[in-house]
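Please read these notes with the structure open beside them.

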There are 2 protein chains.
Amino acid sequence: MADLMGEHFIGASRRKSADVFYAADPSSNRQLEPAFFRATSQDVEHATRAAESAAEAFDRIGAERRAQFLEAIGEQIMALGDQLVQRAHEETGLPLARIENERGRTIGQLNLMAAEARDGAWMSLRVDPALPERNPMPRPDLRMRKKAIGPVAVFGASNFPLAFSVAGGDTASALAAGCPVVVKAHPAHPGVSELVASAIVQAAQNTGMPEGVFSLLQGDSHETGQALAADPRIKAIGFTGSRQGGLALMKIAAARKSPIPVYAEMSAVNPVILLPGALKQDANQLGEAFAASLALGAGQFCTNPGLVIAPAGHDLAAFVASAEAALENTAEQTMLTAAICDAYERGLEAAKSQPDADAWTLNNRSETNRCRPALIKTTAANVMENEVLQREIFGPASVIAACETPDEIGSLLNCIEGQLTISVHCADADLRQAADLLPLLEEKAGRVIANGWPTGVEVCHAMVHGGPFPATSDGRTTSVGTLAIDRFVRPICYQDFPASLLPAALQEDVLEETPHRRDGRWQF
Amino acid sequence: MADLMGEHFIGASRRKSADVFYAADPSSNRQLEPAFFRATSQDVEHATRAAESAAEAFDRIGAERRAQFLEAIGEQIMALGDQLVQRAHEETGLPLARIENERGRTIGQLNLMAAEARDGAWMSLRVDPALPERNPMPRPDLRMRKKAIGPVAVFGASNFPLAFSVAGGDTASALAAGCPVVVKAHPAHPGVSELVASAIVQAAQNTGMPEGVFSLLQGDSHETGQALAADPRIKAIGFTGSRQGGLALMKIAAARKSPIPVYAEMSAVNPVILLPGALKQDANQLGEAFAASLALGAGQFCTNPGLVIAPAGHDLAAFVASAEAALENTAEQTMLTAAICDAYERGLEAAKSQPDADAWTLNNRSETNRCRPALIKTTAANVMENEVLQREIFGPASVIAACETPDEIGSLLNCIEGQLTISVHCADADLRQAADLLPLLEEKAGRVIANGWPTGVEVCHAMVHGGPFPATSDGRTTSVGTLAIDRFVRPICYQDFPASLLPAALQEDVLEETPHRRDGRWQF
């Protein structure tokens with residue numbers, strides 16, 4: 001078990017700076033040792049230069065070797081043992097069992113991305129062979145592959161210290177594609193970040209990856225991240241966090257001499273629609289299940305259900321009563337940081353103080369940084385008119401919007417912003433109404449759920465964890481699941497290249513083993 | 001043969017405005033009848049509302065029906081007969097034979113995109129079936145498809161009045177994906193635009209497409225395009241044209257309440273590298289072939305070779321002499337518009353007046369809007385230091401950059417901006433040097449060419465007509481070839497959807513007939 005050093009990783013080298021900051025245990029606000037250095041603009045430049053110099057070798061080394069690297073990262077993370085779990089618990093306040101689950105998810109994600117790298121379809125290999133006899137003009141030999149876009153900056157999220165952080169989905173998919181990664185660690189869990197970074201560096205060494213393929217920068221100021229996003233050597237950005245943070249990165253990226261893509265997952269209220277048949281059949285059970293989804297992880301999920309849309313009446317009242325009863329029995333939970341807990345309180349107060357908003361809540365914050373769930377009961381008409389009630393409150397709070405007419409469901413959906421998810425609960429009698437709503441659900445969200453809850457994001461092939469702005473900055477993409485790799489590649493066409501100059505993936509013998517298209521026809 | 005009316009198309013309805021403008025024959029500056037109306041902001045709103053209301057039905061109608069629509073467009077364009085060819089010739093000054101070829105290319109492109117729509121792989125269909133027995137948590141049924149992004153605004157280019165205009169690649173790929181299209185016609189060929197629009201409208205009626213699936217707006221002011229790009233109903237933009245125009249659209253799109261993707265193909269100098277062995281072997285022949293590529297279509301191609309990079313010396317001198325001789329025998333050609341001819345003259349004058357730039361040119365503009373080719377002979381060092389010599393001069397002019405050392409080739413490439421293409425001429429003896437340069441070629445361009453010339457963009461599966469900024473606004477995409485369809489879709493995940501609610505493409509019986517992935521494994 002190695003001591004934490006508080007240093008950055010520039011490739012395999014550790015590096016100190018002058019200023020320091022500390023992590024805190026949110027359950028007590030106790031400062032945690034050791035001190036962590038704040039990355040300077042010089043550290044940023046060292047990291048991006050290392051990434052740049054690794055980029056070409058990392059592309060050439062090929063998908064199989066990169067897959068081995070990803071798998072080795074998972075093994076090294078497991079090898080960190082309890083030290084990682086314990087430190088994550090201290091830095092985030094998340095229960096030990098949750099951390100262990102998240103570790104499993106993170107390693108599963110690395111392994112899935114390794115398999116996807118090997119599958120090779122993400123390279124979009126295409127061959128249109130030469131037609132030298134064609135009239136009036138011969139066709140040259142044309143071959144396409146998608147290649148790594150270049151060094152990627154990843155900004156870890158606070159709410160998943162493993163799965164959406166240093167070795168999370170953004171890092172895994174960027175590395176799978178062949179992009180060196182520079183992580184700006186989230187300042188709420190620098191110790192976890194250092195441990196995971198050491199695992200990645202060890203895995204890179206064990207599998208013979210080029211030096212500089214991964215770097216980690218610590219810091220608790222915006223300047224580090226801003227310098228990283230503006231660095232000309234960085235070619236794409238992955239981010240999970242606040243809307244404010246994501247918008248700031250989008251602005252920096254668009255203002256660069258060469259703008260770059262930003263994949264920012266920012267905010268969502270994940271509407272849940274209860275159609276009348278479903279509500280009539282199962283009001284109590286739905287209320288309990290909703291409460292469980294709302295309170296999960298202290299409501300600190302990107303997919304937390306923050307808005308319920310349902311027809312007004314007895315059934316909705318029964319649903320709410322059942323949810324309240326379940327929430328009353330929910331244990332208090334420590335939030336990730338004091339700042340997040342403060343923001344939750346402020347967001348809740350703002351919502352509660354709106355006209356015609358009937359708040360149900362429990363005493364908040366009986367202990368340090370602990371939150372209790374809350375419901376804001378109001379009408380759909382009120383939510384449509386009042387933007388405050390459409391805002392995400394990061395934590396276990398949800399707005400219950402009662403509709404006076406069936407049409408109000410669509411009207412309210414029309415008026416809200418882009419979402420990660422929309423769920424609809426429907427009995428057989430509701431199917432017609434659900435079908436009518438479907439185009440709107442598809443327009444507004446990246447994932448649509450029938451008779452389920454938005455929390456729980458499966459890591460698989462068909463997952464979309466993304467959605468129209470402002471859920472994410474780029475609704476054409478997902479940050480979870482194998483499609484995430486597509487974010488970090490760009491197509492290149494090779495015309496009449498002699499075989500000896502072609503990249504390995506486009507050589508005929510390698511093509512035989514990889515899914516590709518020849519003259520448009522699929523070859524498997 | 002129908003008379004031109006000068007009106008917009010809002011879906012199938014023709015619409016007038018108040019103000020008018022005229023096209024001109026660039027070979028004489030003669031004004032062409034009839035008058036064309038200038039679209040107002042109200043016209044824009046009518047068109048985008050029509051597109052919005054068609055979007056859902058156009059998605060549901062399915063890829064097969066849309067493929068039939070695309071094929072019908074081609075048939076209707078052919079049915080326009082000589083009127084189209086003649087009008088295009090009058091409005092653009094392009095020779096009749098070139099127009100006929102371009103018509104063939106445009107129809108081929110529509111047919112290829114129809115085939116791609118049918119192929120269905122662009123939908124990225126994926127199924128991860130439910131695992132109800134999985135521990136600790138069951139897996140829900142998850143299905144993904146990529147769906148049309150919504151109404152698309154297309155800005156036609158002046159230099160390909162058919163292939164990159166009203167029914168060009170952007171329109172074809174957006175329609176194939178299921179996106180309604182609103183075209184802002186290029187003001188240099190409003191008559192061609194009206195004729196092609198009438199063909200699209202007729203094809204839409206003949207194949208039973210939803211009303212509003214296509215609209216055409218005429219106009220010669222920036223306001224129309226700006227209003228269209230800012231309209232909240234527009235979900236993506238396709239553009240081919242000037243850098244200034246593309247950057248303006250990027251700015252508008254980023255400033256919207258919900259930013260949208262912009263696919264702007266803007267500018268490139270398409271460097272051609274002559275390595276010493278190739279130059280020694282074939283200086284004369286290379287010079288002739290270069291001259292042909294440079295002068296093709298009066299140099300008015302996005303892929304025109306505007307920069308030659310080669311070792312200084314006798315062989316380069318022979319290459320240049322051969323090129324000059326060939327260019328002297330090139331007939332004068334009419335440029336597309338008086339404004340383009342003026343800009344060419346200005347660009348050429350600016351380049352000629354730079355220090356240490358040795359201009360070879362013929363008398364320009366002996367007749368109205370006719371241009372003659374020009375070469376600006378200078379050193380690689382000079383080009384690196386002087387940004388004016390790196391700029392695109394739209395027309396048949398090229399900068400010849402002589403390198404004093406082999407390293408200067410890489411240094412110069414490093415210093416130039418993103419490109420559509422880079423070509424490298426290499427003999428066997430040059431292969432090592434070419435291999436060393438390859439990473440830089442890949443980083444800087446969307447298409448890399450060995451022993452060939454950049455003009456001539458094959459419409460096929462492996463083509464990439466795109467490249468790093470500022471060649472295009474989004475180097476992850478292509479505007480030519482079947483991959484172009486990817487620009488106009490976004491992924492949606494359906495969780496636990498009852499079969500009756502699932503979109504057709506994700507129903508089990510349809511999946512059987514379409515390439516898809518089940519639990520990650522490809523099914524064909």
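**Notes on the two-chain model**

1. In helix α5 of chain A, the buried residues are A:Gly169, A:Asp170, A:Thr171, A:Ala172, A:Ser173, A:Ala174, A:Leu175, A:Ala176 and A:Ala177. A residue is buried if 20 or more other C-beta atoms lie within 10 Å of its own, exposed if 12 or fewer, and partly exposed in between, with C-beta atoms placed from the backbone. Nine of the nine residues of α5(A), 169–177, are buried, so this helix is largely enclosed by the rest of the structure. Just after α5(A), A:Gly178 has a positive phi of about 105°.

2. This is a predicted model, in which local features need pLDDT of at least 70 and side-chain atom pairs count only at pLDDT 80 or more, while totals for chains, interfaces and linings use all residues. Residues are numbered from 1 along each chain as its sequence is written, and chains are lettered from A and ligands numbered from 1 in the order in which they are written. Helices (H or I, at least four residues) and strands (E, at least two) are DSSP runs, numbered from the N terminus.

3. How are the two chains related? A rotation of 180° with 0.0 Å of shift along its axis places chain B on chain A, with an RMSD of 0.0 Å. That is the relation of a two-fold axis. The superposition is by least squares on the C-alpha atoms of residues with pLDDT of at least 70 in both copies.

4. The contact between the chains takes 58 residues from chain B and 58 residues from chain A; two residues are in contact if their C-beta atoms, placed from the backbone, lie within 7 Å. On chain B, β5 (126–128), β6 (142–148), α14, β20 and β21 (489–495) each supply at least two residues of the side that touches chain A. That side divides into 33 nonpolar, 12 polar and 13 charged residues. Here Ala, Val, Leu, Ile, Met, Phe, Trp, Tyr, Cys and Pro count as nonpolar, Asp, Glu, Lys and Arg as charged, and the others, Gly among them, as polar. Because 98% of the interface residues of chain B are also interface residues in chain A, the copies meet through the same surface.

5. An open sheet of 12 strands with mixed pairing has the order β23(A)-β22(A)-β5(A)-β6(A)-β21(A)-β20(B)-β19(B)-β12(B)-β13(B)-β18(B)-β17(B)-β15(B). Its edge strands, β23 (521–523) of chain A and β15 (358–361) of chain B, each pair on one side only. Two strands pair if DSSP finds at least two bridges between them. In chain A, β6 (142–148) and β21 (489–495) are antiparallel over seven bridges, and A:Lys147 has A:Arg490 as its bridge partner.

6. Strand β21(B) pairs with β20 (445–450) of chain A in the parallel sense over three bridges, where A:Ile449 stands opposite B:Gln495. Seven bridges also join β21(B) to β6(B), the two running antiparallel; B:Ala148 is the bridge partner of B:Val489. Both faces of β21(B) are covered, with B:Val489, B:Pro491, B:Cys493 and B:Gln495 buried on one side and B:Arg490, B:Ile492 and B:Tyr494 buried on the other.
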